[in-house]
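Hi,

Here is the structure I promised to pass on. My notes follow below it.

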Amino acid sequence: MSLKYAVLAALLEGEASGYELSKVFDVSLANFWPATPQQLYRELERLAQDGLIEARVVQQERRPNKRMFTLTEAGRGELGAFAAEPTRRPAAIRDELLIKIQAMDGSDPAATLALVEERMAWARGKLTRYERVRERLLGGRTEEEYLRAADRVGPYLTLMAGISFEEQNLLWCERVLAVLGRRVPLG
């Protein structure tokens, strides 16, 4: 899959500037499809050239003009066709920390512990951000009410995948720290 479909899916929420889309990627899509702002802006240009999105310029005083992007019917059609395609095999884990853990025997245990604690802090930070997004999406409703009545549930369901992923990261890190704590003195 390419960034193309992630951008088109993000625009299902409605018109957005490149800056707004980069924030959407930071908060809600980064848990499964990260992109830098530079990648995002390049993709927006390609999508506009391909007629899958439209751009309009908004004049602003005291700020540079901004471009707002919306899906075209062609973009909706392409996204719908993509959503109906069979998926490829599930993504494989590619994580540098796992290679370091694999190679840790014989290295400084304190360095390994620091890396795992850093991962835990990262996961906790992401969980905090995801919970803020969750509360915003629910808007005072229960999860059941939201899932039954919301216009779109896809963003919520993918957010739940991100929350589960980070919760699993924390559980794994806690287990690693427990194992290492039994093997080496933890200062």
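Which residues in α1 meet which residues in α3? On the α1 side they are L3, K4, V7 and L8, and on the α3 side Q39, L40, E43, L44 and L47. Contact here means heavy atoms within 4.5 Å. The residues of this contact divide into six nonpolar, one polar and two charged. For those classes, Ala, Val, Leu, Ile, Met, Phe, Trp, Tyr, Cys and Pro count as nonpolar, Asp, Glu, Lys and Arg as charged, and the others, Gly among them, as polar.

Some ground rules first. This is a predicted model, where local features need pLDDT of at least 70 and side-chain atom pairs count only at pLDDT 80 or more, while totals for chains, interfaces and linings use all residues. Residues are numbered from 1 along each chain as its sequence is written, and side-chain values use heavy atoms, with hydrogens and water left out. Helices (H or I, at least four residues) and strands (E, at least two) are DSSP runs, numbered from the N terminus.

**α1 and α3**

Helix α1 covers residues 3–10 and helix α3 residues 37–49. Their axes come within 10 Å and cross at roughly 80°. Axes are lines fitted to C-alpha atoms, for helices over the stretch in contact, and angles run from 0 to 180 degrees between N-to-C directions. α1 and α3 are therefore roughly perpendicular to each other (angles under 35 degrees count as roughly parallel, over 145 as roughly antiparallel, 65 to 115 as roughly perpendicular and the rest as oblique).

Seven of the eight residues of α1 are buried, so α1 is largely enclosed by the rest of the structure. Buried means under 20% relative accessible area, exposed over 50%, partly exposed in between (1.4 Å probe, protein chains only). The buried ones are L3, K4, Y5, A6, V7, L8 and A10. K4 counts as buried at 17% relative accessibility. Leaving aside neighbours within four places in sequence, K4 is in contact with E43, L47, L52 and E78.

**α6**

Helix α6 has 30 residues, 109–138. At 1.5 Å a residue, α6 should span 44 Å, and its end C-alpha atoms are 43 Å apart, which agrees. The expected span is 1.5 Å times one less than the number of residues.

D108 caps the N-terminal end of α6. A side-chain oxygen of D108 lies 3.1 Å from the backbone nitrogen of A110. A110 is partly exposed, at 47% relative accessibility. The C-alpha atoms of A110 and L180 are separated by 9.7 Å, though 70 residues apart along the chain. L113, also in α6, is buried at 12%. After α6 comes G139, whose phi is positive, near 55°.

**E166 in α8**

E166 is found in helix α8, residues 154–183. With a relative accessible area of 1%, E166 is buried. Not counting residues up to four places away in sequence, E166 touches A123, K126, L127 and Y130. The side chain of E166 also makes a polar contact with the side chain of N169, at 3.1 Å. A polar contact is a pair of N or O atoms within 3.5 Å; within protein, one must be able to donate a hydrogen and the other to accept it, and residues adjacent in sequence count only if both atoms are side-chain atoms.

**R62**

R62 has a positive phi of about 65° although it is not a glycine. R62 lies in the loop between β2 (53–58) and β3 (66–71). R62 is exposed, at 87% relative accessible area.

Best wishes
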